[in-house]
Amino acid sequence: MKKSLFLFALPILLVCCKANLPVAQQGGKEDMAYLLFVSPDKYAGEEVQVTIDNGTAFTAKVVKLKKSNRKGTQYGVKPGAKTLKVSYGNKNIYQKKIFLSTQEVKQILLP
């Protein structure tokens, strides 16, 4: 009888003495958006020149379309409406006005 009373009371006691664990807090998201340059074949593995709003320019590595989810290099930019121009050598291969949201990874599909 004492054993069954003890086995009945033990789970109730453990539930009542549950420790309150700290609640995870999420801070504000970083104010950045990301660009990922992908190509199915021709430009995969190459480096292209990227110009944003006719001002900021940088060199970006293009990844193959199949590997873009795992091995792509993402380039951080400020969110908002941007005019994006991508060139390879002296040839303009991509030009478009895009909108980037906070924490968005935008894949730029090159020919």
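This is a predicted model: local features need pLDDT of at least 70, side-chain atom pairs count only at pLDDT 80 or more; totals for chains, interfaces and linings use all residues.
Residues are numbered from 1 along each chain as its sequence is written, and side-chain values use heavy atoms, leaving out hydrogens and water.

On the overall layout, the protein has 2 helices and 8 strands, and along the sequence they follow the pattern α-β-β-β-β-α-β-β-β-β. Both kinds of element are DSSP runs numbered from the N terminus: helices are H or I with at least four residues, strands are E with at least two. Of the 111 residues in the protein, 27% are buried. Buried means under 20% relative accessible area, exposed means over 50%, and partly exposed is in between (1.4 Å probe, protein chains only).

Four strands make an open sheet with the order 3-2-6-7 and antiparallel pairing; two strands pair if DSSP finds at least two bridges between them. Strand 3 and strand 7 are the edge strands, each pairing on one side only. From one strand to the next, the twist averages 25°, taken from axes that are lines fitted to C-alpha atoms (for helices over the stretch in contact), with angles from 0 to 180 degrees between N-to-C directions. Strand 2 and strand 6 run antiparallel and are joined by 4 bridges, and Gln49 stands opposite Ser87 in strand 6.

Strand 6 (residues 80-88) is also where Lys82 sits. Lys82 is buried yet has no salt bridge, and the nearest side chain of opposite charge, Asp53, is 4.1 Å away. A salt bridge needs a side-chain nitrogen of Lys or Arg within 4 Å of a carboxyl oxygen of Asp or Glu; Lys and Arg count as positive, Asp and Glu as negative, and His and the chain ends are not counted. Leaving aside neighbours within four places in sequence, Lys82 is in contact with Ile52, Asp53, Lys96, Lys97, Ile98 and Leu100.

Next, the aromatics. There are 3 aromatic pairs, where rings of Phe, Tyr and Trp (its six-membered ring) pair if their centres lie within 6.5 Å; planes under 30 degrees apart count as stacked, over 60 as edge-to-face and the rest as tilted. Two of the pairs are tabulated here.

| Pair | Geometry | Centre to centre | Angle between planes |
|---|---|---|---|
| Phe37 and Tyr75 | tilted | 6.1 Å | 55° |
| Tyr43 and Tyr88 | edge-to-face | 5.1 Å | 70° |

Phe37 in strand 1 (residues 33-39) and Tyr75 in strand 5 (residues 75-77) are 38 residues apart, so this pair links distant parts of the chain. Both Phe37 and Tyr75 are buried, and together with Phe58 they form one aromatic cluster. Tyr43 is buried at a relative accessible area of 3%, whereas Tyr88 is partly exposed at 32%.

Most residues other than glycine have a negative phi. Asn54 has a positive phi of about 55° although it is not a glycine; Asn54 lies in the loop between strand 2 (47-52) and strand 3 (56-61) and, at 64% relative accessibility, counts as exposed. Gln103 likewise has a positive phi, about 65°, without being a glycine. Gln103 is in the loop between strand 7 (91-100) and strand 8 (105-109), and its 35% relative accessibility makes Gln103 partly exposed.

Note on methods. Contact means heavy atoms within 4.5 Å.
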